[in-house]
Amino acid sequence: MSILAIDPGNKESGWVIMDEETLEPISFGKHENKSLDVSICSISPSPYTAVVIERVACYGMPVGKEVFETCEWIGRFTEALESRGAEVHYITRKDEKLNLCNSMQAKDSNIRRALIDRFAQHDLKNGKGTKDNPDWFYGFKADIWVAYAVGVTWCDMQREV
């Protein structure tokens, strides 16, 4: 079965569909939220074992309107997916940092490095490889890395239970 992992944003969101057992990325992308919401709404019933969305968490600092807009999109994605029978779960950035890097001080670059170290097979620098010799993360960019970290973290946490 497969898992849909989403890194929501206020305008665009990264997503990855991954194999639940091998954690291999099946398909991925970054789309405007409106088009992703329409795509999600067209799925019936949900073909995913689970959907995992990165949830905004409070760390004590003031935030701008972009964070609140992202929260609204998390709600819209959740509603659309649950109405199609998907089981929606949430992961925070804190969960990702601790799971993948064992440190709350980790940055996106540390998370990316941890993923490359864990999954890359021959391109140990970038994890992508080339068109002729693709590696695990071939085609990944920007928020797709975070969406994948969301999915991997959720799978790891499920295996610990």
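Where is the place of asparagine 102? Asparagine 102 sits in the loop between H3 and H4. Good morning, everyone. Before I go on, please keep in mind that this is a predicted model.

Asparagine 102 is not a glycine, yet its phi is positive, at about 55°. With a relative accessible area of 67%, asparagine 102 is exposed, because the cut-off for that class is over 50%.

H4 has 12 residues, and the distance from its first C-alpha to its last is 16 Å, close to the 16 Å expected at 1.5 Å a residue. H5 is mostly covered, with 13 of its 18 residues buried. In H4, the buried residues are Ile111, Ala114, Leu115, Ile116 and Phe119, and these pack against H3 and H5.

How do H3 and H5 pack? Their angle is about 70°, and their axes are 9 Å apart. Since angles of 65 to 115 degrees count as roughly perpendicular, H3 and H5 are therefore roughly perpendicular to each other. From H3, the residues in this contact are Arg93, Asp95, Glu96, Asn99 and Leu100, and they meet Val146, Ala149, Val150, Val152, Thr153, Asp156, Met157 and Glu160 of H5.

Glutamate 96 lies in H3, which covers residues 93–101. Is glutamate 96 buried or exposed? Glutamate 96 counts as buried, because its relative accessibility is 0% and the cut-off is under 20%. Setting aside residues up to four places away in sequence, glutamate 96 touches Glu54, Ile91, Cys101, Ile111, Val146, Ala149, Val150 and Thr153.

In soluble globular proteins, nonpolar side chains tend to be buried together. Here, the largest nonpolar core has 27 residues, and the members that touch the most others are Leu115, Phe119, Phe137, Tyr148 and Val152. Strands S1, S2 and S4 and helices H4 and H5 each give two or more residues to this core. The largest share, 9 residues, comes from H5. Take valine 152 as an example: beyond its neighbours within four places in sequence, valine 152 is in contact with Met18, Leu23, Asn99, Leu100, Leu115, Arg118 and Phe119. Apart from that core lies another, of 16 residues, including Leu36, Tyr48, Trp73 and Ala86.

That brings me to my last stop, tryptophan 73. Tryptophan 73 is part of helix H2, residues 65–82. Its relative accessible area is 9%, so tryptophan 73 is buried. Which residues is tryptophan 73 in contact with, leaving aside its neighbours within four places in sequence? They are Gly9, Asn10, Asn33, Lys34 and Asp37. Tryptophan 73 and asparagine 10 are 63 residues apart along the chain, and their C-alpha atoms are separated by 6.9 Å.

Key:
Residues are numbered from 1 along each chain as its sequence is written. This is a predicted model: local features need pLDDT of at least 70, side-chain atom pairs count only at pLDDT 80 or more; totals for chains, interfaces and linings use all residues. Side-chain values use heavy atoms; hydrogens and water are left out. A nonpolar core is a set of buried Ala, Val, Leu, Ile, Met, Phe, Trp, Tyr and Cys residues joined through side-chain atoms within 4.5 Å. Buried means under 20% relative accessible area, exposed over 50%, partly exposed in between (1.4 Å probe, protein chains only). Helices (H or I, at least four residues) and strands (E, at least two) are DSSP runs, numbered from the N terminus. Contact means heavy atoms within 4.5 Å. The expected span of a helix is 1.5 Å times one less than its number of residues. Axes are lines fitted to C-alpha atoms, for helices over the stretch in contact, and angles run from 0 to 180 degrees between N-to-C directions. Angles under 35 degrees count as roughly parallel, over 145 as roughly antiparallel, 65 to 115 as roughly perpendicular and the rest as oblique.
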